[in-house]
Amino acid sequence: MRGGRIIFAKAYGKPSETIAVADPALPYQIASISKQFTAAAILLLEDEGRLSLDDTVAKYVPGVTGGDRITIRQLLSHTSGLQDYWPQDYSFAAMATPVTPQQIVDRWGKKPLDFEPGTQWQYSNTGYVVAGLIVEKIAKQPLLDFLQQRIFKPLDIRALNQDKAIGKGFPQGYGRFALGPVRPETPSAPGWLYAAGELSMSARDLAKWDVARLTRTTLPADDWAAQETPVRLVDGSTNGYGLGVSTGTANGRRYVEHSGEAVGFLSENIVYPDDQAAIVVLTNSWFSDAVGRISSGIANIVLPPPPRTQRIPPPCPGHAQSTISSAPARSTAAA
């Protein structure tokens, strides 16, 4: 894109076993980017006064553990404490069987919370399933139908339900076990992607959403701002830029921590308002071992001299070795 316009779109690679040549018009799974659209649906309903981000979950979806304390805002910001039903990078056995959103909530949303709502950040697909159910209850129509009417049609986006965008004529996922051969991946059964990863579209169509975000169109400007504003946790820290981090100072250097553990330095002290990290130089075990578990209120920590680089073991014989600088820099790259 340039100047808010799409100027080039091209597809590369092998889309599937039945499609030999990639086509930029093909709808590829956008996975968890789908969550942006679920969140947008919630915001549109809030604009109409039909719900509030600070409403509790129990008001709309009964039976969820802590539902009388979890807010819709916490669902969307991954601070609800609801256990994630899909924390791994593969499909588990149950995903071979179709499921309903309510069945996901019954199995994972009624377990004990991983933490008290609003006190920590933890990615949770379960939270977005609950959010999707809330949209459907208030809008009185399927989530995807609501999105088609309110977002996709106005932006001329062709978005498909990924559960139905499989088979001949559609791109297909591939996977491999360890260093074994690449094989076509069997998709999860219908229902598992609901509200958390259910959409597929072309890169060009997804770029239309990006243009709308840049130009603040389709949604009111304050809705875009709400999506992009870090959420403040109960202890006053923020989940900086959606990453669940807070910041502090040690010997004049800004550090980043996650759940009380130091994980990196800010590069060149570049920060967003309220001390959100714009660029983070992730550090290594040296930093974690030297600083250990700390709180953002401690500012006079004595750090040993950092090593010049951290060596990353090559993934397999014959691959180049990578290094990551542990010192602040204007930009970092792994070779």
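The model described here is predicted. Its protein chain holds eight helices and 13 strands, and buried residues account for 43% of the 335 residues.

**Overall chain**
- Of the contacts between residues at least 6 apart in sequence, 63% join residues at least 24 apart.
- The protein chain has an accessible surface of about 17500 Å², and carbon and sulfur atoms contribute 55% of that area.

**Helix α1**
- The 14 residues of α1 should span 20 Å at 1.5 Å a residue, and the separation of 20 Å between its end C-alpha atoms agrees with this.
- Helix α1 is mostly covered, with eleven of its 14 residues buried.
- Among the buried residues of α1 are S34, K35, F37 and T38, as well as the run from A39 through A40 and A41 to I42.
- L43, L44 and L45 are also included in the buried set of α1.
- The buried residues of α1 pack against the helices α2 (72-76), α4, α5 (143-155), α6 (203-215) and α7 (221-228), and also against strand β5 (199-201).
- Just after α1, G49 adopts a positive phi of about 75°.

**S34 and its surroundings**
- S34 has a relative accessible area of 1% and is therefore classed as buried, the cut-off for that class being under 20%.
- Leaving aside residues up to four places away in sequence, S34 touches A195, A196, G197, E198 and L199.
- A polar atom of the S34 side chain lies 3.1 Å from the backbone nitrogen of L199.

**Helix α4**
- Helix α4 (residues 125-139) comprises 15 residues and reaches 21 Å from its first C-alpha to its last, close to the 21 Å expected at 1.5 Å a residue.
- Because 13 of its 15 residues are buried, α4 is largely enclosed by the rest of the structure.

**Nonpolar surface patch**
- I7, F8 and Y12 form a nonpolar patch on the surface, and together they have about 380 Å² of accessible area.
- Y12 is located in the segment before β1 (28-29).
- Y12 counts as exposed because its relative accessibility is 61%, where the exposed class requires over 50%.

Note on methods: Residues numbered from 1 in each chain as written. Predicted model: local features only at pLDDT ≥ 70, side-chain atom pairs only at ≥ 80, totals over all residues. Heavy atoms only, no water. Helix = DSSP H or I, 4+ residues; strand = E, 2+ residues; numbered from the N terminus. Buried < 20%, exposed > 50% of the residue type's maximum accessible area, 1.4 Å probe, protein only. Contact = heavy atoms within 4.5 Å. Areas by Shrake-Rupley, 256 points an atom, 1.4 Å probe, with all protein chains shown as cover. Patch = residues over 30% accessible without salt bridge, like charges linked within 9 Å, V, L, I, M, F, W, Y side chains within 5 Å. Salt bridge = Lys/Arg side-chain N within 4 Å of Asp/Glu carboxyl O. Polar contact = N/O pair within 3.5 Å; in protein donor to acceptor, adjacent residues only side chain to side chain. Expected span 1.5 Å × (residues − 1).
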